[in-house]
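Student: Can we go through the cross-links in this one? Start with the terms, please.

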Amino acid sequence: AAGKPVFVDFTAAWCVTCQVNEQTALNTSEAVRAFQRTGAVYLKADWTNRDAAIAKALADQGRVGVPLYLVYGTDGGAPKVLPQLLTSGLVAEALDAAARARPGGT
C-alpha cells in the first residue's frame, strides 16, 4: 500500500538451504544495495516452530515447506516466486523489477 516492493523470506532455523541462501545471496553487498536502492521492505516468515499462519501462507502458494521467496511489486499484483536456490544477482534483479512495476501491469 505504501508503493514499495516487498520481499518475503519464508525460512526456518533448521532449513539448511535457507541458511545457505541467507549467507550467499541475501546478506551480500549486492542484495543489501538492491534493498536500499529500491526501498524494498524485507519480511521474514519464520517457520521454525511450524506457525499455523505461515503454514497457510505457504499452502496458498502451493507449498508445504521452506524455503519460499516472494517478491511483490509496487503494482500490488501477484508475487514473483523466486527459485529455492538464490543468488544475490537474482535477488537484485527481482527487486529492481518489482520497483518498476506499475498499476495495470506495466
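Tutor: A disulfide here is a pair of cysteine sulfur atoms within 2.5 Å. This is a predicted model: local features need pLDDT of at least 70, side-chain atom pairs count only at pLDDT 80 or more, and totals for chains, interfaces and linings use all residues. Residues are numbered from 1 along each chain as its sequence is written, and side-chain values use heavy atoms, with hydrogens and water left out.

Student: How many disulfides by this rule?

Tutor: The count is 1 disulfide. Cys15 and Cys18 form it, with sulfur atoms 2.3 Å apart.

Student: Which hand does the disulfide of Cys15 and Cys18 have?

Tutor: The S-S torsion is about 80°, so the disulfide is right-handed.

Student: Are Cys15 and Cys18 buried or exposed?

Tutor: Both Cys15 and Cys18 are buried. Buried means under 20% relative accessible area, exposed over 50%, partly exposed in between (1.4 Å probe, protein chains only).

Student: Switching topic. How many salt bridges?

Tutor: The structure holds 3. The criterion is a side-chain nitrogen of Lys or Arg within 4 Å of a carboxyl oxygen of Asp or Glu. One of them pairs Lys44 with Glu22, closest N and O atoms 3.6 Å apart. Lys44 sits in strand β2 and Glu22 in helix α1, 22 residues apart. Helices (H or I, at least four residues) and strands (E, at least two) are DSSP runs, numbered from the N terminus.

Student: What about accessible area for Lys44 and Glu22?

Tutor: Lys44 is partly exposed at 45%. Glu22 is buried at 17%.

Student: Which residue does Asp60 bridge to?

Tutor: Lys56, with the closest N and O atoms 3.0 Å apart. Both lie in helix α3, 4 residues apart, about one turn. Asp60 and Lys56 are both exposed.
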